[in-house]
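Subject: Structure for you to look at

Hello,

Here is the structure I promised to pass on. Please open it alongside this message, and my notes follow below.

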Amino acid sequence: MAARPILLCVDDDAEVLRAIDRDLRQEYGARYRVLRADSGASALDTLRQLTLRGEMVALFLVDQRMPRMSGVEFLEQAIVDYPDAKRVLLTAYADTDAAIRAINAVKLDYYLLKPWDPPEEQLYPIINDLLEDWQASYRPPFEGIRVVGHRWSSRSHQLRDYLARNQIPFRWLDIETQDEARKLTELIGADLASLPLVLFPDGSHLCQPENRAVADKIGLQTHAELPFYDLLVIGGGPSGLAAAVYGASEGLRTAMIEREAPGGQAGMSSRIENYLGFPAGLSGNDLARRAVAQARRFGTEILTPLEVASIRIDDPYRVVTLTDGTEITCQAVLIATGVTYTRLRAPGLDALTGAGVYYGAALTEALSCQGQDVYIVGGANSAGQSAVYFSTVARTVTMLVRGESLSASMSQYLIDRIHDTPNIRVRTGCVVAEAHGDDHLEEITIEDRGTGERETVPAFSLFVFIGAQPCTSWLDGLVACDERGFILAGPDLPRDSRGKHVVGWQLDREPYLLETSVPGIFVAGDARHGSVKRVASGVGEGAIAVSFIHQYLAGLGVGA
Ligand SMILES: Cc1cc2nc3c(=O)[nH]c(=O)nc-3n(C[C@H](O)[C@H](O)[C@H](O)COP(=O)(O)OP(=O)(O)OC[C@H]3O[C@@H](n4cnc5c(N)ncnc54)[C@H](O)[C@@H]3O)c2cc1C
């Protein structure tokens, strides 16, 4: 429910203050919150709190005669932050001159003579009129989290990305362009070096917070509730989410551990058009939101943002250790850690990552790209999808493609879409050779791979999609992987020279289809050697893995 706008009465005379508070509450208490302060200074203090919580003041009702700060002096300060609030001065007959001067000085709306009895005649008609006027232009304030930062700060970018991917509504306030951002920073007494700032609806704030601190504050689950699980899923992309849904719905005590935000790579996709059952496509964020709700409904614990650092075997248990040292014990593990983007290597790029150079779609940046010229590096589907997405906000989108055409790496439907979008331009046979800029990207140098010719062009946003590497290095050799780090499972596991036995496998039975070289540790999705790298295949593998996990648990004598 939206917070009610505020009527603030200020008077140092306790009796008058009580009377005005009583009369206002009686008539307006259902629609407005009536607050009172016994001096100008304490009223300004209250206003500071209200500003931090993003609350709106509809009306000030202030006594002119207060010894330390007169009503007019208070209003002069209060209207700086609340210029739209209506202003009423409570006066005695002798104050009439001051009240008339205040009409100009603080654009006073009304001065009311004490006493105002009966309120039905002397008070409410006036206040009604003012509040009606105020309501006409009132827009309810944003009541969620506000993030104040620099557009070009990489930490600000990460924080916004984190909130957006966790479906936490927030309002972004750019310190360079928005007065509100400067005002809030001043009120908190923070300096520019302590940005980004996160302000919560309860008026509290965090300076330069880690994602974990924000997660704790907004109530994301960062601690396992049970001492022991049947199934721990590592990674919350489509494969992990599917396994969580199937595992929990089939009675396994299931927890899913995700280091950033559920959705994985799919969560960064602006539009997934080839996922069965969604003929108009759906955004990755939407898919993630639905999957998270479904997994929770079946009782999966979703622990985020937590990162798994290692797995230890303590037969028959598997013990998962998080980077903060916490250990969680389970019967079976599913690794669904997917892949991360390959870094583009060229001078200047690393220093500007998050400040104009972004990996993945970085959908949170879309608004900042309005009317700008955007560059996208890569020629596969993810790059094509982003080009189409950014073409709706940017002035132009230029795709920089290393190969000679898109057809080798991109689906035909996307090639056709790109072809039909007038503000997307495709430059093939070229690479980014350098990036330039002090605190944010300003120019890139593009090199033609055929001729070696170089051209430097202004550029403020460069999105990179040039392939990916599996997130498996943390396993540190625990399970067999191919030479690129993708996890081997089932029929892909290395066998002895006669091809009879899986190397190092001790059990009588063969490894299950998605089981790794360690019994009870399974893999699904993009992290698996030979996987198809699609949402649907990841979802399918997550679901299939659960059926083998049941068989594994049955073999241990654990039935679900
Ligand atoms: C921009 C973009 C657009 C795409 N569009 C499409 C499309 O239209 N159609 C399609 O079919 N496919 C598309 N794909 C591919 C698809 O998104 C992937 O194939 C799919 O997301 C793979 O799912 P996954 O669960 O295996 O891994 P991921 O989605 O990579 O998820 C892995 C998760 O594991 C987490 N993780 C990693 N390591 C750890 C750790 N140590 N501890 C805890 N958590 C960890 C990561 O944070 C991540 O959330 C797209 C990909 C991208 C990037």
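For sorting residues in what follows, Ala, Val, Leu, Ile, Met, Phe, Trp, Tyr, Cys and Pro count as nonpolar, Asp, Glu, Lys and Arg as charged, and the others, Gly among them, as polar. On that basis, the shell around the ligand consists of 14 nonpolar, 13 polar and 6 charged residues.

Two notes before the details. This is a predicted model, in which local features need pLDDT of at least 70 and side-chain atom pairs count only at pLDDT 80 or more, while totals for chains, interfaces and linings use all residues. Residues are numbered from 1 along each chain as its sequence is written, and side-chain values use heavy atoms, with hydrogens and water left out.

The ligand site

There are 33 residues around the ligand, and those that come nearest are Ser239, Glu258, Gln265, Tyr341 and Gln385. Here a residue is near a molecule or strand if one of its heavy atoms lies within 4 Å of it.

Polar contacts are pairs of N or O atoms within 3.5 Å; within protein, one must be able to donate a hydrogen and the other to accept it, and residues adjacent in sequence count only if both atoms are side-chain atoms. An N or O atom in the side chain of Gln385 is 2.6 Å from a ligand oxygen. Polar backbone atoms also take part: one of Val339 is 3.4 Å from an oxygen atom of the ligand, and one of Lys533 is 3.5 Å from an oxygen atom of the ligand. On its own the ligand has 1,000 Å² of accessible area, of which the protein covers 95% (Shrake-Rupley method, 1.4 Å probe; for residues, only the protein chains shown count as cover).

Two or more residues of the shell come from each of helix 10 (238–249), strand 16 (339–341) and helix 12 (381–391). Helices (H or I, at least four residues) and strands (E, at least two) are DSSP runs, numbered from the N terminus.

An open sheet of 5 strands has the order 2-1-3-4-5, with parallel pairing; two strands pair if DSSP finds at least two bridges between them. Strand 2 (33–37) and strand 5 (110–113) are at the edges with a single partner strand each, so one side of each has no neighbour in the sheet. From one strand to the next, the twist averages 20°.

Strand 3 (residues 57–63) and strand 4 (residues 86–91) are joined by 5 bridges, and Leu61 has Val88 in strand 4 as its bridge partner. Helix 2 (residues 40–53) packs on this sheet, touching strand 1 (6–10), strand 2 and strand 3, and its direction makes about 140° with that of strand 2. Contact means heavy atoms within 4.5 Å; axes are lines fitted to C-alpha atoms, for helices over the stretch in contact, and angles run from 0 to 180 degrees between N-to-C directions. Helix 6 (residues 124–136) lies across strand 1, strand 3, strand 4 and strand 5, at about 145° to strand 3.

The mixed sheet

A further open sheet has 4 strands in the order 7-6-8-9, and its pairing is mixed. Strand 8 (residues 197–199) pairs with strand 9 in the antiparallel sense over 3 bridges, and Leu197 stands opposite Cys207 in strand 9.

Backbone details

Cis peptide bonds join Lys114 to Pro115, with omega about -10°, and Leu195 to Pro196, with omega about 0°. Pro115 sits in the loop between strand 5 and helix 5 (119–122), and Pro196 in the loop between helix 8 (179–188) and strand 8.

Best wishes
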